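Here is a quick tour for anyone meeting this structure for the first time. Have a look around before reading on.

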Amino acid sequence: MTEKKGSVNPFVSVILPCYNCEKYIAEALGSLLRQDCTDFEILCIDDGSTDDTWSQLLRFAERADTLRPEISLCLFREENRGVSGARNLGLSLARGKYILFLDADDLFEDTMISSLVNAAEKYGTDTVFCRLKSVYGGEKRKDRSAVEGRGEKRKGCDAAEGRREKQKGCGTAEGRREKRKDQVAAEGREKKNSNHLFSREEMMHMLLYGMSSLGFCTFLYRREILSEHGLLFDEKTRFFEDREFNWKYLVHTKTGSFVDRPLYIYRRTDGSATTSRDVYWNTDGCDAADRIEKYLLAHGCAIAREAGEYLRSRVLLTAAKKYAAAKRYDLFFRLSLNYDMKRAMKRNMRSPGLYARLASGMYLLSPGGFYFLIGQMDQHRHHERRANGFTS
């Protein structure tokens, strides 16, 4: 272990797992040194890198000692256990009241830590979260608001329920009364959330249907809650482990506050797990969705069934698109053998996203047509957005 002394009892611990990230680690650490606050520690866990990551960490520690001597920077090196193992080590070493996570190829905006911590202290909430903005390469794309939500109408962007209610009394006295009730309720929610305060159920709903604008790293975690409930990352899960951790934490919260600014910069790279097109990652994702549903059920969360069904259906749709775009028919065919793809696609037909509904409808009409048409479309969108600096 290498440590640069700072605060003995830092208020915030930032856990940064590192693995073969020599291209990005200096930029990630630089974003931490630019923070407009001082009372935090940085825990860098080198998870058995085989490139120049460790050397860069050592060089950066020397620079940091001069640039920000008041910040505690601790470097740890261990054998490769995967990102979950690295994060768990960081949790065991963290001393802060609050925990934040930063991935080595991502960045914090300069006010990320102070904005989230100030909100937590001001409102006394169990968590605080912000928006993220995605980049591909060095370009930034338009911010996407989780509150506006892209289809978060009523309970869940569940379009079928919305259409039934609309048809129920359209143009009638009953329909007008129902519409007025909805308006009053909406005004009440707007007033309630004028300070961006949310209940556990509201946060779960936002996380479920705002996955593209809310990431696990956009949340601030109270170390006391993590310790009390023994929350750790599943080291056997390679993908979706962060979502599972995020959901399990929310189960044990009562209230949360939202900082309506994009403070976390998420960078998607060709080598990252989420963009790899030849890994059969959906098995982990579906298993994690199953565990999330069971955990929510065990703790009496009303959204449990809805969350499990939605997460599984989106995981399978994403996998099908990736395999089709990568021309991996063997993996694409394997999906239909191991999972109820028709059920998943039918669930996706109620998704708020037009492209998700289009792709799912094509699969229901013809899996072969999906493989050739959606595969080409997804590959084209992938290259086009990469060229323009956008993520898919």
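Over the ring of which residue does the charged end of Arg87 sit? Turn to Phe233: the charged end of Arg87 is placed over that ring, 5.3 Å from its centre. Bear in mind as you look that this is a predicted model.

**Rings that meet**

Aromatic rings come up a lot here, with 25 aromatic pairs in the structure. Take Phe101 and Phe245: their ring centres are 5.8 Å apart and the planes stand at 85°, so this pair is edge-to-face. Phe101 belongs to strand β5 (residues 98-101) and Phe245 to helix α9 (residues 241-251), so the pair ties together parts that are 144 residues apart in sequence. Phe101 counts as buried, because its relative accessibility is 0%. Phe245 is buried too, at 3% relative accessibility.

How many of its 11 residues are buried? The count is 10, so α9 is mostly covered.

Phe240 lies in the loop between α8 (223-228) and α9. Phe240 is buried as well, with a relative accessible area of 16%. Its phi is positive, about 75°, although Phe240 is not a glycine. Most residues other than glycine have a negative phi. Asn20 is another residue with a positive phi, near 45°, and is not a glycine either. You'll find Asn20 in the loop between β2 (12-18) and α1 (25-33), where it counts as partly exposed at 32% relative accessibility.

**Loops that reach across the sequence**

Ala94 sits in the loop between α3 (83-93) and β5. With a relative accessible area of 7%, Ala94 is buried. Leaving aside residues up to four places away in sequence, Ala94 touches Ser13, Glu41, Leu43, Ile99 and Arg223. Arg268, for its part, is in the loop between β11 (255-267) and α10 (282-298). Arg268 is also buried, at 15% relative accessible area.

| Residues | Apart in sequence | C-alpha to C-alpha |
|---|---|---|
| Ala94 and Arg223 | 129 residues | 8.3 Å |
| Arg268 and Asp105 | 163 residues | 8.1 Å |

Why does Arg268 count as buried? Buried means under 20% relative accessible area, and Arg268 has 15%, so Arg268 falls on the buried side.

Methods:
Residues are numbered from 1 along each chain as its sequence is written. This is a predicted model: local features need pLDDT of at least 70, side-chain atom pairs count only at pLDDT 80 or more; totals for chains, interfaces and linings use all residues. Side-chain values use heavy atoms; hydrogens and water are left out. Rings of Phe, Tyr and Trp (its six-membered ring) pair if their centres lie within 6.5 Å; planes under 30 degrees apart count as stacked, over 60 as edge-to-face and the rest as tilted. Helices (H or I, at least four residues) and strands (E, at least two) are DSSP runs, numbered from the N terminus. Buried means under 20% relative accessible area, exposed over 50%, partly exposed in between (1.4 Å probe, protein chains only). A charge sits over a ring if NZ of Lys or CZ of Arg is within 6 Å of the ring centre and within 35 degrees of the ring normal. Contact means heavy atoms within 4.5 Å.
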